[in-house]
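Take a look at the chain below. This report walks through its rings, its charges and its surface.

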Amino acid sequence: MRRVAICIGEKVKLRSRVSVLIKREKGWEWYVCEGFQYVLYQQAEALLSLGVCPKLKDEVLHNFWKRYLQKSKQAYCRKPVYSNDNKSAASDSCLSLSGLDSEPELLSIRSCPSSEGEAGSQSDVSSGLILPNIKTIQCETTSVCSGSVDGVEYSRQREKGILKMTLPMTLAFCYMSLLWQRETITLSDLLRFVEDGHIPYINTYQNFPEEMKLYGQDIKFFSIESWPVYEDIYEKMIELGKFLDLPRFPDITENCFLHPDMLCMKYLMEANLPDEMHSLTCQVTRITGMGEVDFLTFDPITQKTKTVKYDVQAVATIVVVLKLLFLLNDNVEWSLSSLAQENNENNHEGKPCFDFRKWYQIMKKIIDEKQQKQEEFRAKYLWKSKKPLYYSSVDRSVVYKRRRMVANLQKQFSILVDSAPNPEKKKPSSFQLNWAEDQNTTCFHGHSLQKILQKKGKSLTTLNSQYWLSTQKFCKSYCKHVTTYEESNFSVSYQFVLNFFSFLLRIKTSLLHEEVSLIEKRLFYKKYENKSKASKSKKARRS
């Protein structure tokens with residue numbers, strides 16, 4: 001019997017499109033990859049509701065998933081992973097598969113049927129997500145140890161070179177599709193939408209069809225009790241791109257949202273910083289070469305893959321500009337703030353001068369409140385879903401009884417402790433902070449940098465002529481990290497700026513500090529070269 005998996009680019013129909021499945025007393029037979037495919041479908045629909053181009057689901061993500069199924073030998077291949085040649089699969093999952101003779105050529109990522117008529121004229125390999133022909137044998141492995149047919153075998157699979165699917169990997173698929181389409185959603189935006197509940201991730205199995213029973217080994221694949229981490233999803237996206245052997249992605253040009261000049265403008269607005277800083281961030285981007293197409297465009301198949309954390313790089317550029325202007329050493333920034341304050345008190349005409357101290361005080365208060373709300377939200381978050389999970393069909397009645405008891409106790413306790421209704425879900429937005437709408441807070445967008453910059457010939461230079469490097473010495477190439485970050489080694493103002501932007505992106509402060517150090521290395525490469533030469537000469541003298 002032929003099994004047809006959910007087609008991400010098409011509407012889900014539980015009986016005819018989810019799968020042509022054998023319905024038994026304990027539910028339909030389904031495969032682990034179909035479960036992940038259902039999750040991807042939900043996430044793709046959520047992204048469409050956020051305004052992304054429909055091609056992301058119908059073409060890009062659809063073809064990425066087809067390519068993954070082929071490369072992982074789960075579909076679109078002559079010898080699928082659960083073929084008769086694979087004795088362990090046949091014994092553990094109790095499946096007898098009739099494998100095909102030879103593998104077809106790798107699917108092209110750029111090819112996708114444009115209409116139903118065209119799709120119908122294609123071969124089985126390109127018309128839908130089709131798994132191999134199977135003959136199912138009733139077995140204790142598939143009925144007791146796992147709700148899915150291949151749950152036990154999938155958990156034991158350790159084949160080298162095969163990238164196994166996980167829930168974080170679904171977000172890697174989504175971000176890779178967004179990057180291919182050059183959409184306006186960055187990775188930090190994607191993870192924030194996940195946490196705010198706009199993109200399905202936690203307890204996605206609740207939306208599975210009732211006939212897709214999930215228990216036993218399946219719980220390891222589809223149940224998760226932690227928020228996605230930026231670095232983890234980013235690394236998985238790179239690993240996925242290499243595994244799929246994808247070609248060079250579409251170029252990131254100056255007109256793209258992911259270009260540093262565009263993103264710097266966005267984060268300057270969100271950080272409530274002066275508009276005049278944008279020209280300085282553009283200069284840093286140009287001098288360091290970070291705005292070049294080859295530097296920004298993702299190419300998975302190159303030997304030395306250069307990857308860019310677009311949002312992190314943009315805020316790191318802003319941090320570098322703030323250091324150029326104010327030094328951020330707990331001294332110069334306060335002196336310049338006093339000059340700006342004095343100028344604003346004496347001159348009431350024209351643009352007010354940007355006062356770093358005032359900005360610091362306002363932003364610290366707002367960010368402290370935001371961080372407290374986020375910590376309370378995460379502390380109160382209920383990881384357990386309404387749909388209970390059980391490791392064996394024998395335990396089903398016990399688990400459901402316990403869940404009813406817990407739900408009743410929670411309801412009674414919530415009445416006693418807090419009678420306030422649950423807050424409404426936040427509306428999705430690219431901006432977390434909107435200063436134009438907040439009339440009670442000073443908006444610094446129109447403030448001037450005239451007292452911080454001085455004329456030197458026909459150009460403007462910073463009043464502050466000093467600069468300190470965030471990293472004096474980088475780690476060796478075989479280290480996982482480029483540099484280390486310890487708060488006690490840095491000024492309070494620098495710590496605050498890093499913490500502020502790290503909160504906006506929901507990333508670790510050390511990651512942003514590392515990106516700042518890398519930009520400084522490109523910007524002040526002569527200083528680093530002189531230091532390396534000096535250290536080499538010292539070693540030569542000692543020897």
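## A cluster of rings

Phe-326, Trp-334, Phe-354, Phe-356, Trp-359, Tyr-360, Phe-444, Phe-496, Phe-500 and Phe-501 are linked into a cluster by ring pairs. Keep in mind that this is a predicted model.

Across the whole structure, a search finds 35 aromatic pairs. One of them joins Trp-30 and Phe-208 edge-to-face, with 6.2 Å from centre to centre and 75 degrees between the planes. This pair links distant parts of the chain, 178 residues apart. Trp-30 lies in the loop between strand 3 (27-28) and helix 1 (32-49). Phe-208 lies in the loop between helix 9 (187-195) and helix 10 (218-222). Both Trp-30 and Phe-208 are buried.

## The chain as a whole

The chain has 21 helices and eight strands. Of its 543 residues, 49% are buried. Take the contacts with a separation of 6 or more: 76% of them are between residues 24 or more positions apart. The accessible surface is about 28,100 Å², and carbon and sulfur atoms account for 50% of it.

## Salt bridges

Side chains of opposite charge can pair when their charged atoms come close. How many salt bridges does a search of the whole structure find? The count is eleven.

Glu-45 pairs with Lys-57, and their closest N and O atoms are 2.5 Å apart. Glu-45 is in helix 1 and Lys-57 is in helix 2 (residues 55-71), twelve residues apart. Is Lys-57 buried or exposed? Lys-57 is buried, with a relative accessible area of 8%. Glu-45 is partly exposed, at 30%.

Asp-294 forms a salt bridge with Arg-248, at 3.1 Å between the closest N and O atoms. Asp-294 lies in helix 14 (residues 293-296), and Arg-248 lies in the loop between helix 11 (230-243) and helix 12 (260-270), so the bridge ties together parts 46 residues apart in sequence. Asp-294 has 57% relative accessibility and counts as exposed. Arg-248 is partly exposed, with a relative accessible area of 30%.

Glu-270 and Lys-266 meet in a salt bridge of 3.5 Å, N to O. Both lie in helix 12, four residues apart, or about one turn of the helix. Elsewhere, salt bridges with shared partners join Glu-195, Arg-378 and Arg-506 into one network.

## Charges over rings

Phe-431 lies in the loop between helix 18 (396-417) and strand 7 (453-456). With 32% relative accessibility, Phe-431 counts as partly exposed. Together with Met-265 and Met-269, Phe-431 makes a nonpolar surface patch of about 250 Å².

## Around Gln-157

Lys-164 also touches Gln-157. Gln-157 lies in the loop between helix 7 (151-156) and helix 8 (167-181). Its relative accessibility is 10%, so Gln-157 counts as buried.

Leaving out residues up to four places away in sequence, Gln-157 touches Val-81, Ile-162 and Lys-164. Gln-157 and Val-81 are 76 residues apart along the chain, and 9.9 Å separates their C-alpha atoms.

Notes. Residues numbered from 1 in each chain as written. Predicted model: local features only at pLDDT ≥ 70, side-chain atom pairs only at ≥ 80, totals over all residues. Heavy atoms only, no water. Phe/Tyr/Trp six-rings, centres within 6.5 Å; stacked < 30°, edge-to-face > 60°. Helix = DSSP H or I, 4+ residues; strand = E, 2+ residues; numbered from the N terminus. Buried < 20%, exposed > 50% of the residue type's maximum accessible area, 1.4 Å probe, protein only. Contact = heavy atoms within 4.5 Å. Patch = residues over 30% accessible without salt bridge, like charges linked within 9 Å, V, L, I, M, F, W, Y side chains within 5 Å. Areas by Shrake-Rupley, 256 points an atom, 1.4 Å probe, with all protein chains shown as cover. Salt bridge = Lys/Arg side-chain N within 4 Å of Asp/Glu carboxyl O.
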